[in-house]
Amino acid sequence: MKIVALASVLLCGGILIFGTAGFPDFGDPLSPPASHVSPHYIEEAVAETSVPNIVTAVLADYRGFDTLFETAVVFSAAMACFFLLRVFREDERSPSEKLYRHLPTGIILRIDPGGKAPQSNEFEPIDPTWVPHDMIVKTTTRLIIPFIQLFGLYVIAHGHHSPGGGFQGGVILGSSLILYALSQNLRMAIGRMGETVSAVFCAAGVFIYAGAGALCLLMGANFLDYAALSPLFGVDAIQARSLGILVVEIGVGLAVMSAMVWIYYNLASVGRHQEGL
Amino acid sequence: MDLIVSLKPLFAVLISILVVPMIIWSGNRPNLREAWTFAAAGIKFLIVASMVPAVLGGATLEWTMVQVLPGAAIAFRVDAFGLLFALVSSFLWIVTSAYSIGYMRGLDEHGQTRYYCFFALSLSATVGVAFSANLLTLYLFYEMLSFATYPLVTHHQDMESRSSGRKYILYIVGSSIGLALPAMVYVYGVSGTLDFATQGIMPSSVPPAVLMALVLMFLFGFAKAGVMPFHSWLPAAMVAPTPVSALLHAVAVVKVGAFCIFRVLTGVMGADLLTGIGLGTVVCYIAAFTIIVSSLIALSQDGLKRRLAFSTIGQLSYIVLGAALLTPQGLTGGMLHIAMHAFGKITLFFCAGAIFVATGVKNISDMTGIGKRMPITMTAFFIGSLSVIGLPPCGGFISKWFLALGTLEARQYVMLVVILTSSLLNAAYFLPIVYRAFFCTAEESKFDNRMGEAPIWCLIPLKLTAFISILLFLFPQPFLDLAKLAVVQILGSK
Amino acid sequence: MNEWIAFLAGKFNYWGFIVLMMIGIYAIIAKKNLIKKIIGMNIFQTAIILFYVSTAAKRDAGIPIITHGHGMSGHSARAVDYINPLPHVLMLTAIVVSVATLGVALTLAVKVYRQYGSLEEDEIADSIRARAGGDQ
Amino acid sequence: MSQHLPALPVIVPLLSALLITMLGWFKPRLSFPIALAALTVALLSAVGLMGRVLSSGAAAYGMGGWNPPWGIAYHVDHLNALVLIAVLAAALVGLIATRKCVKEEFAERIVPFYTLFVLFVTGLAGILLTGDAFNLYVLLEVASLTGYALIGIGEKRAPLAGLNYILMGTIGASFYLLGIGYLYLMTGTLNMADLAQRLPAVYDSHVVALAFFICLTGLFVKMAFFPLHGWLPNAYSHAPSAASILIAPLTTKVMIYVMIRLTLTVFTPDYAFDILDIGNAIVWLAVIAIVMGSALALAQNRLKHILSYIVVAEVGYMVGGFWLGNRAGMTGSILHIVNDAAMTLCVFLAAGALLTRIREDRLAGLQGMFRKMPLSMAALAAGGLSIIGVPPTCGFFSKWYLISGGIEAGHYGFVAALLFSSLVNVVLFFRIFEIAYFEPLGQGHGHHRNDPSPMAEAPTSMLAPLVVVAVLLVVLGLYSGNLVSAIIQYAIPAQII
Amino acid sequence: MSWPMDMLILVFVIISGIGAITVRDLLGAAILFGAYSFLMCILWAIMGAVDVAFTEASVGAGVSTVLFVAAVFRTTRRTRD
């Protein structure tokens with residue numbers, strides 16, 4: 001198997017290397033990619049969309065349709081993880097022993113299989129794989145998470161002028177919640193942002209994007225032609241494009257954030273949402 | 001020649017499909033169910049018969065259903081030849097329906113509703129083949145017939161019928177898909193059309209070797225005609241209930257195969273083209289081989305139905321031979337043989353079935369003295385044998401007469417010898433049965449002297465067909481006129 | 001000789017992408033561990049992203065963000081000054097697609113593990129065979 | 001509104017998928033009606049599109065109001081309008097038919113199931129309509145990701161099959177992406193029409209040839225073209241029956257469409273058939289695919305496995321027919337996309353209907369099914385006859401064109417392979433029919449049996465669509481002449497004869 | 001962009017890529033994959049693709065690694081190849 005794999009890989013690589021000989025030189029400003037479509041973006045982006053970050057302009061406007069489906073991909077991935085992993089009936093293979101923590105004292109009870117679980121509100125179930133969290137990690141993360149989230153918001157909002165945008169910002173926001181789950185525990189994170197919220201936000205994020213496009217359709221222009229939104233925003237067509245991009249970036253951010261968190265919830269707890277990393 | 005656009009052919013085909021839901025619906029009331037079958041059979045025959053005057057008047061009835069390929073539609077056309085075949089098969093459906101009632105009820109078979117449904121479907125397909133205006137439609141109904149008859153062949157649903165059904169499908173469908181279909185596509189590719197025409201549709205540019213290959217592909221591809229070596233499905237299919245063997249494996253299915261070959265040789269290839277390069281002779285020899293060899297095999301068969309099956313294989317090749325002679329007399333003989341052999345052979349099968357219903361006997365060696373037990377049946381059997389052998393006063397004589405004339409006309413003297421030899425062989429395998437049935441001593445007889453005929457529903461049809469066999473000798477006019485007209489239509493008015 | 005070096009150096013990013021791609025495919029085909037296969041799949045995807053990003057490169061050009069910001073009415077940006085932004089856009093999409101695929105793949109790997117108690121392809125095949133044998 | 005028609009078959013399902021999640025999360029009962037409405041609207045707009053194409057020729061639509069090389073353009077012509085209708089109709093019928101099935105198989109997962117399924121259809125519709133090579137990749141990923149999930153949810157080996165599908169599918173999609181990258185490097189554009197304009201200048205570069213091969217390899221993986229078919233049989237046969245009914249008729253056909261689109265529109269037939277001259281080689285590959293697919297199908301003893309391998313063989317039909325490079329072959333190939341969608345839907349639906357009553361799809365378990373479920377079996381028989389290629393079912397007519405294409409091109413290997421596969425299909429289906437027709441108590445002559453085992457048909461909601469599809473097979477067959485003369489002949493470039 | 005730097009990082013990328021698929025501890029492989037992604041992100045930043053680099057840093061090096069770790073945590077660390 002390995003030899004076959006190696007042979008086919010080398011063959012493949014050989015063919016690709018052979019093909020490389022016909023490439024334009026690396027970094028050649030006269031190569032076709034540099035001279036055909038992209039100059040239009042570089043030269044006209046600011047005039048047409050009023051967004052200095054050309055990547056953002058192309059991403060969310062010229063090729064906004066791609067990005068819409070890219071968001072849909074993230075959404076479907078999150079939905080797929082939920083679909084595949086989520087356990088709805090807690091019956092099979094329950095862990096052999098259960099751990100409960102007495103909240104006021106922090107004492108941990110170990111209940112053997114078949115034993116009766118404590119009924120009082122003062123106990124909370126904890127993971128069998130649980131290890132006491134480090135105080136320093138807990139405190140530090142608690143301190144930095146707000147700043148991470150702030151940064152995430154900044155990245156979304158400032159995507160017009162600097163690297164960043166909905167995706168990066170959304171991922172950062174999502175990571176902050178994942179970090180919270182990692183440093184505390186999964187149940188607490190789910191308490192902050194539940195499954196329903198993640199699912200609906202995720203769909204809503206994509207919906208904002210697609211809805212903005214459909215709104216343009218209703219305004220009589222083509223799908224995703226933000227210029228048509230200028231009467232709604234009360235600005236001229238160029239500015240409307242810029243604002244439209246902002247709207248969809250927010251949608252993307254929302255969708256990506258919830259998608260990341262949601263995937264993590266399901267993956268880390270194998271769909272039980274009880275215990276996890 | 002007049003063209004009449006008419007829905008009649010379509011109705012003639014559809015009527016027995018339309019009756020299927022009715023049969024299913026009244027599945028629990030046998031009398032009503034059989035009434036539907038009779039009604040459909042009667043109407044079908046009337047529709048077909050109503051076209052006779054027009055066709056005899058020189059007209060052709062046409063109906064194009066839908067254009068499926070450029071230059072090829074699903075279309076019906078009634079000419080004299082097709083009408084002849086449809087007339088025979090739709091009439092025999094009425095008779096067989098009556099016989100089926102006697103047979104199926106006599107044996108208390110299971111799944112009778114299914115049986116009548118597929119029987120009706122098979123008849124649709126048969127008439128569809130008869131009325132098809134082009135090769136595509138022909139192929140369509142040919143395949144429909146193959147699949148509709150499968151449940152009939154395997155009606156008993158036991159291990160034997162399972163393996164027979166397997167053989168049946170493999171031979172019939174395998175050859176039609178493997179040989180006839182590509183040949184047909186090729187014809188379409190070179191000629192751009194599939195309509196049957198008076199002197200064929202093949203352009204003269206096709207080299208003889210390719211023509212040869214095409215003819216052979218069609219000849220073996222339409223394996224229902226049982227040309228050797230694609231014949232062994234027919235004896236295997238004899239596991240079917242006898243009415244099925246009677247109508248389908250003596251008349252409808254096998255004649256459809258012969259009919260297809262007839263059509264291909266005359267309507268697609270064209271008589272002049274084939275004669276010009278001597279291809280007819282090749283087909284003649286293949287048919288002759290089948291005729292002789294199958295008769296020899298029939299001699300050695302003990303099962304009555306199996307012997308009849310091998311006899312059928314031989315008789316089918318008479319029709320192929322008639323077509324391959326490509327002379328007016330030969331063609332007439334081939335066409336007439338479709339009708340004459342049908343009535344003769346169906347009588348024989350009816351008799352075999354009646355014997356089985358009345359006594360449960362299947363093998364010839366067990367039939368010693370049966371003539372005393374079932375005199376009517378065995379008399380009919382005798383008449384049927386005479387017709388198939390080709391002796392007067394039966395219809396079979398007339399068709400063989402024309403065939404013999406055809407061989408002379410085509411100067412194929414070897415074929416004349418083949419026909420005569422084969423007739424002798426036919427006599428050799430039929431007459432001993434009759435002899436054994438009637439002329440035996442009381443000790444040899446395996447039956448007591450009591451009369452014990454099959455149910456009346458079985459008897460009437462076989463008397464009727466035997467009678468018609470004789471009648472056809474005396475009054476062959478309707479079929480003869482149709483056949484003569486058909487020859488004119490096929491060869492062009494020369 | 002110099003030409004040869006220039007040829008090699010002029011396209012070295014492309015060589016890099018090919019090597020990474022080979023690593024990725026090799027891992028997918030030859031490795032038996034499902035997680036390793038998934039890592040290989042991801043490396044394969046990043047290799048293609050590297051290829052695209054390499055096509056965007058432009059000598060002596062800056063990052064594709066117009067430095068003057070708003071209100072630059074007089075002179076517009078010159079294409080040679082900025083790196084080609086289009087491949088970057090495409091690759092943003094590709095990266096996100098790859099993480100989405102990764103999520104689903106890992107999910108399925110976890111499911112497989114819960115079913116067979118193993119991530120090694122050969123062990124899973126053994127246990128499938130054992131179960132099929134048990135059925136009969 | 002009619003100028004927005006090209007966008008609707010994609011946008012409406014997308015928005016509906018999101019609505020299904022947002023509303024269905026709180027009221028799961030809503031998810032089916034929304035999905036139904038979405039696909040109906042999409043199908044209607046596809047029909048509208050077809051009408052527009054027929055009356056006024058190809059139509060284009062610029063997303064975001066940008067003109068093609070800069071923005072993403074949708075492009076509708078005869079070819080993709082036809083395939084779009086076939087795909088959406090198959091999806092709609094599948095959706096209706098599997099309603100009960102889904103309710104049972106995915107009790108709590110109805111909402112994600114319909115979300116994913118509608119997204120899947122969105123992806124496919126997008127692939128069919130888009131005129132942008134990279135956009136196609138993104139949509140491909142939408143369709144694939146949802147497909148992976150729908151397949152991986154099954155019991156037993158399904159997750160493993162799904163994982164294999166992901167690995168193979170990702171390689172396929174990435175190869176396609178790489179090929180597009182090569183094209184971009186040589187031309188600087190991603191729009192298909194623009195690519196077609198700028199490519200002739202660099203036809204002599206071997207990078208373009210390489211790009212073509214890489215794209216083709218990627219698509220071959222995605223369409224399960226032998227020997228890259230490894231993922232398909234397990235994925236389709238272990239998937240839950242609702243998922244396999246919905247996915248099996250669609251994915252491979254859409255991939256074949258992409259191959260046709262890429263070759264005809266982007267690379268132009270001149271390049272593919274004359275400059276590269278690889279038609280013959282690929283037809284031989286297709287011959288191998290057909291023969292091996294059929295032979296492997298013979299070796300299976302489970303219904304869905306058999307059907308899956310038949311799909312592999314059918315892919316060979318379409319690839320081979322297309323690469324014959326003549327009009328008849330291409331007509332056959334495109335017609336077969338439509339017909340095969342219907343046929344595959346029919347047989348998988350019938351298999352699904354049978355599986356509602358028997359749990360195990362081993363062939364031996366089908367004994368006596370003709371009596372027990374006559375209509376489902378009749379539909380399976382109709383599908384089987386169509387796959388065998390018996391007139392007047394639609395399978396016959398596409399096979400007709402394919403064979404006449406093969407004869408015209410003088411490629412008798414392909415003709416032989418087609419006939420071989422038809423014969424194998426006869427054996428395959430008659431083996432199934434035989435088992436289902438002969439009953440367990442088949443000893444003796446079977447007389448005197450008056451105790452028919454009770455009929456137990458599949459639920460009506462599944463049976464009715466099944467019968468409709470089975471009838472459609474015949475209708476499609478009868479009207480294939482009109483289909484070809486009105487639509488397909490315009491889908492093939494005029495220079496191909 | 002400076003090509004020696006570029007090339008050096010490319011070499012590191014390849015090394016960490018090979019490492020990720022050869023190391024026999026899946027957690028280690030996950031972390032090495034994180035390193036791979038991060039090096040790749042640096043490479044792209046050097047090549048001027050800031051947005052791509054940013055995304056890769058957050059998605060590839062961040063979330064992907066976490067997902068890998070979660071998956072390994074839920075399955076097993078051991079592997080034989």
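This note goes through several features of the structure above, point by point.

1. The structure is a predicted model, in which local features need pLDDT of at least 70 and side-chain atom pairs count only at pLDDT 80 or more, while totals for chains, interfaces and linings use all residues. Residues are numbered from 1 along each chain as its sequence is written, and chains are lettered from A and ligands numbered from 1 in the order in which they are written.

2. A reader might begin with the sheet of chain B, where 3 strands form an open sheet with mixed pairing, in the order S1-S2-S3. Strands here are DSSP runs of E with at least two residues, helices are runs of H or I with at least four, and both are numbered from the N terminus; two strands pair if DSSP finds at least two bridges between them. Strand S1 (2-5) and strand S3 (72-78) of chain B each have a single partner strand and stand at the edges, so one side of each is left without a neighbour in the sheet. From one strand to the next the twist averages 35 degrees, where axes are lines fitted to C-alpha atoms (for helices over the stretch in contact) and angles run from 0 to 180 degrees between N-to-C directions.

3. The pairings within this sheet can be followed residue by residue. Strands of a sheet pair through backbone hydrogen bonds, either parallel or antiparallel. S1(B) and strand S2 (residues 59-69) of chain B run parallel and are joined by 4 bridges; among the bridge partners, Leu3(B) goes with Thr60(B) in S2(B), and Val5(B) goes with Glu62(B) in S2(B). S2(B) and S3(B), by contrast, run antiparallel and are joined by 7 bridges, with Thr64(B) standing opposite Ala75(B) in S3(B). S2(B) and S3(B) form a hairpin with 2 residues between them, and Gly71(B) in the turn has a positive phi of about 85 degrees.

4. How are helix H14 (residues 328-359) and helix H19 (residues 456-474) of chain B placed, and how far apart are their axes? The two helices pack at an angle of about 155 degrees, with their axes 9 Å apart. That angle makes H14(B) roughly antiparallel to H19(B), since angles under 35 degrees count as roughly parallel, over 145 as roughly antiparallel, 65 to 115 as roughly perpendicular and the rest as oblique. H14(B) passes H19(B) in a left-handed crossing (left-handed if the near helix is turned anticlockwise from the far one by less than a right angle, right-handed if clockwise).

5. The residues that meet between these helices include Phe343(B), Phe350(B) and Val357(B) in H14(B), and Leu459(B), Leu462(B) and Leu472(B) in H19(B); two residues are in contact if their C-beta atoms, placed from the backbone, lie within 7 Å. By class, the contact of H14(B) with H19(B) has 14 nonpolar, 5 polar and no charged residues, where Ala, Val, Leu, Ile, Met, Phe, Trp, Tyr, Cys and Pro count as nonpolar, Asp, Glu, Lys and Arg as charged, and the others, Gly among them, as polar.

6. Between chains, 44 residues of chain A are in contact with 49 residues of chain D. Helix H2 (32-35), helix H4 (54-62), helix H5 (64-85) and helix H9 (195-218) of chain A each supply at least two residues of the side of chain A that touches chain D, and H5(A) gives the most to that side, with 14 residues. By class, this side of chain A has 30 nonpolar, 9 polar and 5 charged residues.

7. Chain C has 5 helices and 0 strands.

8. Some loops deserve a careful look at the backbone. In chain B, the peptide bond from Met228(B) to Pro229(B) is cis, with omega near 5 degrees, and Pro229(B) lies in the loop between helix H8 (208-221) and helix H9 (233-236). In chain D, a cis peptide bond joins Phe226(D) and Pro227(D), with omega about 0 degrees.

9. Leu326(B), which is not a glycine, has a positive phi near 60 degrees; Leu326(B) is buried, with 27 other C-beta atoms within 10 Å.

Technical notes: Buried ≥ 20, exposed ≤ 12 C-beta atoms within 10 Å, placed from the backbone.
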